[in-house]
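Thanks for coming. I will take one model this morning and go through it piece by piece.

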Amino acid sequence: MEQLLQHLVNGLVLGGTYALLGIGLTLIFGLMNVVNFAHGELYTLGAYAAFTALAVAQVDFFVAVAAALVIGAAAGATVERVLLRPLHGESIDTTMLVMIGVSIAAQNALLLGFGGVAKSIPHPFPTAPLVLGPVSIAPLRLVVLAAAAVLIAGSYLVIHRTRLGQAMRATFQDPDTAQLMGVRIHRVHTATFAFGAALAAAAGALLGPVFLVYPSMGDLAALRAFSVVILGGLGNLPGATLGGLILGIAEELGAGYVSSGYRDAAGFLIIIAVLLLRPSGLFARAERIG
Amino acid sequence: MSRLLAALGALAAVTVPLWIASPYHLHVLIMAGIFIVLASSLNLLLGYAGQLSLGHAAFFGIGAYTSALLALRLEWSFWAGLVCGTAAAAVAGWAIGRLALKVRGAYFVLVTISFAGVISLVSVNWMELTNGPLGLPGVPAPEVLGWPLRSKAAYYYLVLGGVAVAVLVCRRLVRSRIGRAFVALRENEALAESVGIDAVHYLVVAAVSSAALAGMAGSLYAHYTRLVSPEVFLFSYTVTMVIMVVAGGKGTLSGPVVGAVLFTVLPEALREVVAWQWQMVLYGVLLVALVFFLPRGIVPALASRRRRRAPALETPPVTVAARPAEAARPDAFATAATAPPAAAAAATPKRSAAERAESAAGQAAPAAGRLVVRDLGVRFGGVEALSGVSFEVRPDSVTSLIGPNGAGKTTAFNAITGYLRPSRGDVLWEGRPITRLRPSEIARRGVVRTFQKTSVFPGLSVLDNVRVGLHLRGRAGWAATLAGRRRVREEEQALAAEAGEIIAFAGLAGRRDEPAGALPYGEQRLVELAVALAARPRVLLLDEPAAGMTTAEKAAASALIRRIRDRGVTVLVVEHDMRLVMGISDTVIVLNGGRVIAEGPPAAIQAHPEVIRAYLGAGAAGPPASAPVGGTGPARS
C-alpha cells in the first residue's frame with residue numbers, strides 16, 4: 001500500500017510531462033492532420049536547450065525552461081513554414097514521411113552536435129527527498145510537476161480564452177468555414193505547430209534534469225506522446241491531459257509490479273489495446289457520422 | 001526496353017561472383033539482396049494496399065529469431081527454419097492484419113510501431129529464450145545437399161534465389177485480381193467495397209504475404225550473419241525499407257529493387273567519405289527531398305520521361321477490338337445511346353437463361369429479384385434521418401426515390417447497401433435479410449450501388465477501373481495465383497476481354513488507357529456506371545446519376561438507364577431532375593423528413609398534394625401542369 005502511493009506520486013510526475021507532450025501532439029494531429037514524427041526530437045531539443053542553458057550558460061532553472069519553450073516554438077514554426085505549408089492539402093502519408101525524415105535528420109544532427117554520451121543536467125534544487133508520511137519525493141520532481149501543471153493550465157487558457165485559441169478551435173472543427181470567416185488558417189497552422197513544439201520542448205527541459213539527456217531519448221518520448229493522444233482521442237485536450245497521467249501511472253505500476261524491463265511496454269500496449277477496443281479514444285463521445 | 005534492361009540485370013546478377021572477387025563487395029550485394037526482399041515485401045502493403053507499416057522490422061526479426069532458435073535449440077536444418085520463419089512472420093502479419101479491420105492510415109502506422117516495440121522488448125527481456133541483449137550467436141551456415149554454404153559467393157546465390165522468389169511472388173500477386181483488389185482499396189475503399197471487394201480480407205492477405213516475405217528475409221539474414229540480436233528490430237531498419245520503397249517507386253515492381261540496391265550500395269560507398277552520423281542526417285534530408293522533388297519515386301519518374309502515359313496496372317492483351325467509330329466519338333453518352341441494340345445486347349452483362357426465366361416468373365416466385373425495405377430507421381445521435389421507411393422495388397422496374405434535400409434518400413441508400421447500420425428495420429433481398437451484412441457481401445448478392453459524389457479509382461486507367469469492377473467474376477484464389485496456374489491466366493484474359501466489352505457499351509472505348517481521374521466529369525460518371533455494371537448487379541442503385549449533366553447528357557443518361565433495365569437489371573434511382581425521374585420511372589417513391597409520403601406511378605405523384613407541399617411549401621396552390629415538380633434540382637456537391 002505504501003509502495004502503491006509512492007508509485008502513484010512518481011507516476012503523476014511523469015504523467016504531467018507526458019500530458020505536455022500529448023497536448024502538443026494532439027493539437028498538431030487534430031488541427032493539421034499531420035502525424036508529427038519529429039515530436040520526440042522537439043522534446044530532445046528542449047532537453048539539450050535546458051542543458052546548454054544550465055550547464056554552459058548557468059542561468060536560472062526557470063529561465064532555462066523558458067528558453068527551451070522559445071527554442072522549441074521557433075523550431076516548430078520553422079519546420080511548419082518551410083516544410084509543411086508547401087505540402088498543405090497533401091495526404092497524411094506524405095506529411096508523415098516528411099516528418100519521419102525531419103526526425104531522423106534532427107536526431108542525428110543532435111548526435112553530431114552534442115555527442116552520443118548521455119549527459120546529466122545540473123539543477124539548483126536540494127537532492128534530499130521530502131518525506132510526507134509513506135511517500136518521499138525529490139524537490140526537483142515536485143517542481144517538475146508544478147511547472148507541468150502551470151503549462152497545462154496555460155495551454156487551456158490560450159485555447160479557450162484567446163483569439164488565437166478561438167481561431168484554432170474553429171480551424172479544428174471546419175477549416176473551410178473558418179477560412180471563409182476570415183481566419184488565416186496558414187497562420188493558425190504555424191502557430192499550432194509552434195505551440196505544440198514549445199510544449200514538447202518544455203517537457204524535455206523538465207524531464208531532462210530528472211533523467212539523462214541523450215540524442216535518441218526522443219524515440220520513446222514520441223511513442224509515449226502517441227499513446228497519450230490515442231488514449232485521449234484526436235484533438236481532445238482534456239483527453240490528452242488525462243491520458244498523460246494514466247500513462248505515467250501505468251508505467252510506474254508496470255515497472256513496480258511486473259518488471260522494470262517492460263516499463264516501456266505500457267505505452268505500446270495502450271496503443272494496441274485502445275485502438276482495438278475503442279479507436280476513437282477513451283474519452284470520446286459518439287459523433288454524428290457524415 | 002524495360003524487358004531488355006531486366007534481362008541484362010538478371011544476367012549481371014547471375015554472373016556477379018565471376019567478376020567480383022572482393023568478399024566485401026559480395027557482402028554488400030548479399031545485404032542488397034536481403035533488402036530487396038524486405039523492400040518488395042513492404043511495397044505490397046505500402047505501395048499496393050496503401051497501408052504504411054512502420055513495424056516491418058518486427059516481421060524481419062520474427063523470421064530471424066525463429067530460424068535461429070530452431071537451428072540452435074532443435075538443430076533443425078536451414079530449410080526447415082526458413083519455412084518456419086516465414087510461417088511465423090506470416091502468422092504475426094495475420095494478427096496485425098486483423099487490426100486493420102478497425103484502423104487505417106496513421107492509426108495503422110501506430111499499431112505496427114507498437115507491435116514492433118513490444119516484440120523488441122520481449123526479445124531483450126525474455127532471457128531464457130532469446131539470450132536478451134547479447135543475442136544468439138553461432139547460427140549455423142545453411143547446407144545444400146550436405147555442403148555448407150560458407151563462402152560469400154555461395155551465399156550470394158542463395159540470396160539471389162530468395163530475391164527471385166520474392167519478386168516472383170510480388171509479381172504474380174500484383175498482376176492478379178488480388179493485386180487489383182489491393183490497389184482498389186488504396187484508391188477508393190468505399191467504391192471497392194461496392195463492387196464486392198472485402199476490404200478486411202484483402203488487407204489481411206496483403207499483410208500476411210508482406211510479413212511472410214519479410215520473415216523469409218529475416219531467416220536469410222540470420223544464417224548469413226550467424227548472429228541474431230535485438231538489433232534486428234531497430235527502427236532504422238524499418239525506415240531504411242520505407243526510404244527504399246518510396247525512393248524506388250511505391251506501387252511498382254522494380255521500384256523497391258532499384259531502391260534497395262541504391263540504398264545499400266550508396267551508404268557503403270559513402271562510408272569512407274562521410275561519418276555514419278552524417279549519413280543518417282543525409283538520410284533524413286533525402287527522405288524529405290524525395291517527397292518534395294520525386295514524390296512518385298525514381299522508377300516512375302524515369303518511366304514517365306520515356307513515355308507519357310497513364311500508370312496502368314499490368315495489362316494482358318485484350319482480344320476484343322473496340323469499334324473504331326465509337327472510339328473516335330467524343331460525346332460518349334450519345335454514342336452509348338445510339339449504339340445498335342444488338343451490339344448493346346452483346347456487350348451488356350449477360351444473364352443466364354435460367355435467371356431471365358426466374359425474373360420473368362417473378363409472380364410465381366414472389367421473392368425473386370425483389371428488394372423490400374421494411375420499417376427502416378437510422379439515427380445520428382439525436383437526429384432521426386430515417387424513421388420507419390418501408391417500400392418495395394419490383395424486379396425489372398425502374399423505381400425512383402425523390403424528396404427535398406435532407407429527406408433521407410442517400411441515407412436510405414447507405415443503409416440498404418451496408419454503408420450505414422440502421423438502428424431498426426430490415427432490408428430483404430429475395431426474401432433474405434441483408435441488413436447486417438458488409439457492403440462487399442451485399443454486392444456479392446447482386447445489390448450494387450453508385451455514389452452521389454463522383455467516385456472512381458482515380459489513379460487507375462479506365463480499363464483497370466472496370467477490371468476491378470469485375471472482381472467478383474474472377475475465381476482465382478491466392479494459392480492458384482502464386483502457383484501461376486494456366487487457368488488463372490485464362491481467366492485474366494477472359495476478364496480483360498469482358499472489361500473491353502463493358503467499356504465499349506459505356507461508350508468509353510477511346511478512353512480505355514487513360515487514368516480515370518483525368519477524365520472530364522461526365523465521363524467519370526460513365527466510368528462509375530461501367531464499374532457498377534461490371535459487378536453484374538441484379539439491382540443497381542444509382543445515386544443522382546445525372547447531377548451536373550447538360551440537358552443532352554441527361555437525355556442520353558435516361559436512355560442508358562432504360563436500356564440497363566431492359567437487360568434485366570432492376571434500377572433504383574435517387575435523382576433531383578424531375579423530368580428525368582418522370583421519364584424513366586415505373587414507380588416513384590417520395591421521401592420527406594425521413595418518411596415515405598407518397599408512392600405510385602409518375603403521373604399520380606405529380607398530382608399528389610402532399611408531394612407538392614413538401615417541395616413547394618404549404619402555400620403552394622394547385623399542381624403545376626407538366627412542369628418539373630422540383631425544378632431542375634441543383635446539383636449537390
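Six strands of chain B make an open sheet, in the order E10-E11-E12-E7-E13-E14, with mixed pairing. Helices (H or I, at least four residues) and strands (E, at least two) are DSSP runs, numbered from the N terminus. Two strands pair if DSSP finds at least two bridges between them. This is a predicted model: local features need pLDDT of at least 70, side-chain atom pairs count only at pLDDT 80 or more, and totals for chains, interfaces and linings use all residues. Residues are numbered from 1 along each chain as its sequence is written, and chains are lettered from A and ligands numbered from 1 in the order in which they are written.

Val447(B) has Val539(B) in E11(B) as its bridge partner.

Val588(B) stands opposite Gly600(B) in E14(B). The hairpin of these strands has two residues between them, and Gly593(B) takes a positive phi near 55° there.

Which helices go with these strands? Helix H25 of chain B, residues 551-566, lies across E7 (398-402), E11 and E12 (570-574), and runs at about 150° to E12(B). Helix H28 of chain B, residues 609-616, packs on the sheet by touching E13 (587-592) and E14, and its direction makes about 130° with that of E14(B). For these angles, axes are lines fitted to C-alpha atoms, for helices over the stretch in contact, and angles run from 0 to 180 degrees between N-to-C directions. Two residues are in contact if their C-beta atoms, placed from the backbone, lie within 7 Å.

Now chain B as a whole. It comes to 28 helices and 14 strands. Of its 637 residues, 53% are buried; buried means 20 or more other C-beta atoms within 10 Å of the residue's own, exposed means 12 or fewer, and partly exposed is in between, with C-beta atoms placed from the backbone. Pro300(B) lies in helix H14, residues 298-306 of chain B. Is Pro300(B) buried or partly exposed? Pro300(B) is partly exposed, because 19 other C-beta atoms lie within 10 Å.

Next, the domains of chain B, whose bounds come from an automatic or database domain assignment. The assignment gives domain 1 (20-233) and domain 2 (332-339 + 370-475 + 483-616). Their C-alpha centres lie 42 Å apart. The contact takes 18 residues from domain 1 and 25 residues from domain 2. On the domain 1 side, the elements giving two or more residues are helix H8 (177-187) and helix H9 (189-194) of chain B. H8(B) gives the most, with six residues.

Last, the two chains. In the contact between them, 36 residues of chain A meet 33 residues of chain B. On the chain A side, the elements giving two or more residues are helices H4 (92-114), H9 (217-232) and H11 (265-277) of chain A. H4(A) gives the most, with 15 residues.
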